[in-house]
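My notes below follow the order in which I looked things up.

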Amino acid sequence: MNPFAYARATNLEDACQKMKAGALLKAGGIDLLGRMKRGTLHPELLVDLGSLDKMEGIDDLEGDAANQAGWDLGALLKLADLAAVDATTHPALAGLREAALNTATPQIRNRATLAGNLLQSPRCWYLHDPEVPCESKGGQGCPAMTGRNEHHAILGYDSCPVTNASNLAPVLCALDARLVYRTVEGKQEEERLHVLYTAPGKKTGFSTHRVPEGAIVTAIRIPRRDLVTAHVEIRHKKSYDWPLCSAAVALRLQEGKIAEIHCFLGSVAPTPHRARFAEGLLMGKKPGQEAFAKAAARELTQAKPLSEGAYKAKMSQLCLTRALEEAWKRAKENQR
Amino acid sequence: MTATIRMTVNGKPVVLDINPDEMLADVLRERLGLLGTKIGCREGECGACTVLLEGQPVVSCLLPALKANDRSVVTVEGLGPPQDPHPVQEKMALMGASQCGYCSPGFVMSAAALLDENASPSVEEIKEAITGNLCRCTGYAKIILAIREAARAKSH
Ligand SMILES: Cc1cc2nc3c(=O)[nH]c(=O)nc-3n(C[C@H](O)[C@H](O)[C@H](O)COP(=O)(O)OP(=O)(O)OC[C@H]3O[C@@H](n4cnc5c(N)ncnc54)[C@H](O)[C@@H]3O)c2cc1C
Ligand code: SF4
Ligand code: FES
Ligand code: FES
């Protein structure tokens, strides 16, 4: 690891000031320190957010009469706290709880934060190996295209088929969550999470998100609580590794029909992949196993796996079907 | 650019000048001589370096020692000396839950934290609590049994 200076932010203004010096922000440090130790990241100054207590809670948003307004989740909320939220009283958070509970290991969940999880570096074993050059690291070409690519993207990639690594991102995108952040100029901005994610490539640059440089995420805003969510994932191992595939669904039923539906797939694309075809086929329809299976199959017909990725299309189809079934089951229970 | 930190390690106050790039695992081992905490991967994957920070299990290889300022840290040495071991230590040693032993301190810390929160965990809860600890020797079955026995012994 290169020597670096370390500054602890005492409050948000202080953190913004410090970020002006071109620092990198550290929350739990799990992703950041891993990259620094591997020698793929060499910051000169780290600004630590760890002690900004106000960003560690879950706050209710000011509600309308029906109390359908959602929550502000603090950016520094630990994954262990998210894994412990009460999903029985708030079915909107059930999928988020599942996604958090499945993430990494108990020791890591005690340190890793929500914003850090959402903005962690993408998955690609070549990216994390300092010895292997590629276009994303200022070199040329992509060794994954012709090399080992069983964990790489099968959808939505251009020249760099990394996958978005965040377990929490698909379900938060399905809930239409917003990132609330403070820019280095001190302005507060709010933007939809799924709009902020972007596929890296020659045209777009090699970041996987558009959060402005130096900006500090303060909260993740879930605008409403009338959707029911589910998150389903498949992993090699219960721990140590990221899922192979995952799917998150948020939906609302009205008079036995699907009045609203949002589906996102994880681990298959450089961003959480919005399953638009599946959403389109199900919107306004009667839910049911057959309809779910058809919609999921349609979504994955567009997959373009690399040499080792064909299994992912089948596996994501299965995750999406199961997530739809689970969300439907919860929506029915919720109506009782 | 060092900074002075004050922490409690196994109940004793410690004051140290720390560099930002020093991880707690290395400070415990190399500067405080607490060699019970092991280092396997240095990347958060194996759990060998698990210690308790304010009572919660964390991987000390990814924790800058600066972050332990004003906090309490407990290592495997702090749970119980050989003459008076913690029930988890005792049962793991007696029941063949430790072979090469390299992973054992990490398991002991995860299990001790579990028993502090949950005096009679189910097998599923035990498995969940140790998902972050890797063992290449035992096959886990005896570790799980030992933790269950430790729970019984502790609540008696
Ligand atoms: C063994 C292992 C298994 C894992 N398994 C999984 C898994 O199954 N699923 C999964 O999703 N993840 C997994 N992870 C990754 C882990 O969850 C993330 O590394 C962690 O959540 C990152 O959070 P952090 O708070 O430590 O972020 P940091 O490492 O502190 O930061 C990560 C990035 O986010 C930026 N950042 C952090 N906070 C803010 C903020 N408030 N505003 C702006 N930028 C910010 C940082 O600058 C940095 O670029 C695993 C990691 C390990 C080591
Ligand atoms: S997928 Fe992207 S990061 Fe990985 S090797 Fe190819 S260009 Fe590099
Ligand atoms: S050495 Fe810390 S988790 Fe492996
Ligand atoms: S006893 Fe050898 S690694 Fe667990």
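**Ligand site**

I note here that the model is a predicted one.

I then looked up which chains take part. Residues of chains A and B surround ligand 1, so the site is shared between chains.

Next I went through the elements of chain A.

**Domains of chain A**

I checked the domain assignment of chain A, which gives domain 1 as 1-49 and domain 2 as 57-120 + 162-335. I find 27 Å between the C-alpha centres of domain 1 and domain 2 of chain A.

How many residues of domain 1 of chain A are in contact with domain 2 of chain A? I find eleven residues of domain 1, in contact with 14 residues of domain 2. On the domain 1 side, α1 (12-19) and α2 of chain A are the elements that give two or more residues. The largest share of that side comes from α1(A), with four residues. By class, the domain 1 side holds eight nonpolar residues, one polar residue and two charged residues.

**A helix pair in chain A**

I looked at α11 (residues 289-300) and α12 (residues 310-335) of chain A, whose axes come within 9 Å and cross at roughly 145°. I recorded the crossing of α11(A) and α12(A) as right-handed.

Which residues make the contact? From α11(A) I list Gln289(A), Phe292(A), Ala293(A), Ala296(A), Ala297(A), Glu299(A) and Leu300(A). From α12(A) I list Ala313(A), Ser316(A), Gln317(A), Leu320(A), Thr321(A), Leu324(A) and Glu325(A). The residues of this contact of α11(A) with α12(A) divide into eight nonpolar, four polar and two charged.

**Between chains A and B**

Last, I turned to the contact between the chains, which takes 21 residues from chain A and 22 residues from chain B. On the side of chain B that touches chain A, strand β4 (residues 56-59) of chain B gives the most, with four residues. I sorted that side of chain B into ten nonpolar, seven polar and five charged residues.

Definitions and conventions:
Residues are numbered from 1 along each chain as its sequence is written. Chains are lettered from A and ligands numbered from 1 in the order in which they are written. This is a predicted model: local features need pLDDT of at least 70, side-chain atom pairs count only at pLDDT 80 or more; totals for chains, interfaces and linings use all residues. A residue is near a molecule or strand if its C-beta atom, placed from the backbone, lies within 6 Å of it. Axes are lines fitted to C-alpha atoms, for helices over the stretch in contact, and angles run from 0 to 180 degrees between N-to-C directions. A crossing is left-handed if the near helix is turned anticlockwise from the far one by less than a right angle, and right-handed if clockwise. Two residues are in contact if their C-beta atoms, placed from the backbone, lie within 7 Å. Ala, Val, Leu, Ile, Met, Phe, Trp, Tyr, Cys and Pro count as nonpolar, Asp, Glu, Lys and Arg as charged, and the others, Gly among them, as polar. Domain bounds come from an automatic or database domain assignment.
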